[in-house]
Amino acid sequence: MIRQKAMLIRAASAIPSSEITNPALYADRRRFLLASAAGALAGGLGLPAIAAPRGEALADVRKSAWTVEEKLTPYESATTYNNFYEFGPDKDDPAKQAHRLKVRPWSVVVEGEVAKPRTFAIEDILKLAPLEERVYRFRCVEGWSMVVPWIGFSLSELARRVEPTSNAKFVEFISLADREQMPYVRVPLLDWPYSEGLRIDEAMHPLTLLAVGLYGEVLPKQNGAPLRLIVPWKYGFKSAKSIVKIRFVREMPRSAWMKSAPQEYGFYSNVNPEVPHPRWSQAQERRLGEFGKRKTLPFNGYAEQVAALYAGMDLRKNY
Ligand code: MTE
């Protein structure tokens, strides 16, 4: 249970004491402590605690070569055991609360160091490139993992439409932060909006996926509809959900987690079994829905594809 809230507890303790009497936050903390043992047990195993209604099917999806031959995590686990703190701190909060999210109309501003800044309607993004199904491993920094057939296309497909300039060294991804739709954006758990960043070569790597679906269907709201990032060789928090802005920038951006707990969450956050989190080992992981643990692989098993991006870098310092 403590482990389950691993990311958040640190973030909450970073909140200035002047804000701790905030009643919403106080109530939230009480909820942390009072969460039922049954819920914690089911949730802790990644077994579905609540039923997940199926979504609309996506048409014309082709299989991608960027796929791993591994047993898929059950749909119910991947869509009911989530981290999406804008909807609450518990693993089942997103599946229960994200129905509040309005995913149409939706647009994504793409700006910064680009020759052709543009605001894309989600309908245009869906038509930018052929949709591919890619089965990826996905490893959360908290020590759980899953194998999910995501649907989307490489982020580089979108990037080339806006023509990044040679000044674009990093890319920043910014999620929606709307207090009306997302109840926990009123609570200072993180410095909203949720934001993440990649180095430009990481962003342009073909594995970096702009996802619009999973398991043959439109992305469920709790998984970051209508558009999220998936960076399979990095810890899951790098994969920002419900993105509204993508900025090409000169300087390394500071992500929401770097701001809340810089000693725990670095910019790179590549999956690395040899570098423990300051509060737990990263050597092993547990697949959602399974008992027992398996070894965590360097770069989450994608070393062959991405290790060269970090040639000559000390990955202990650049965690
Ligand atoms: N994006 C936003 N906007 N808000 C979040 O809380 N959580 C991150 C990431 N993206 C998060 C987010 C974390 S910690 C993880 S592990 C993954 O989303 C979880 O994705 P999933 O719920 O689809 O498994």
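This briefing describes the ligand site and several salt bridges of the structure shown above. The structure is a predicted model. Across the whole structure, a search finds 25 salt bridges.

**Surroundings of the ligand**

**Polar atoms facing the ligand**

- For Asn223, an N or O atom in the side chain is 2.9 Å from an oxygen atom of the ligand.
- In the case of Ser175, a polar side-chain atom lies 3.0 Å from a nitrogen atom of the ligand.
- The ligand taken alone exposes 530 Å², and the protein buries 100% of that area.

**Salt bridges**

- In general, side chains of opposite charge can pair when their charged atoms come close.
- Arg134 and Glu132 form a salt bridge in which the closest N and O atoms are 3.0 Å apart.
- Arg199 and Asp201 also form a salt bridge, with 2.8 Å between the closest N and O atoms.
- A further salt bridge joins the side chains of Glu202 and Lys234, at 2.8 Å from N to O.

**Exposure of the paired residues**

- Arg134 counts as buried because its relative accessibility is 1%, under the 20% limit for that class.
- Glu132, the partner of Arg134 in the salt bridge, has a relative accessibility of 14% and therefore also counts as buried.
- Arg199 has a relative accessibility of 13%, so this residue counts as buried.
- Asp201, which pairs with Arg199, has a relative accessible area of 30% and is therefore partly exposed.

Methods: Residues numbered from 1 in each chain as written. Predicted model: local features only at pLDDT ≥ 70, side-chain atom pairs only at ≥ 80, totals over all residues. Heavy atoms only, no water. Polar contact = N/O pair within 3.5 Å; in protein donor to acceptor, adjacent residues only side chain to side chain. Areas by Shrake-Rupley, 256 points an atom, 1.4 Å probe, with all protein chains shown as cover. Salt bridge = Lys/Arg side-chain N within 4 Å of Asp/Glu carboxyl O. Buried < 20%, exposed > 50% of the residue type's maximum accessible area, 1.4 Å probe, protein only.
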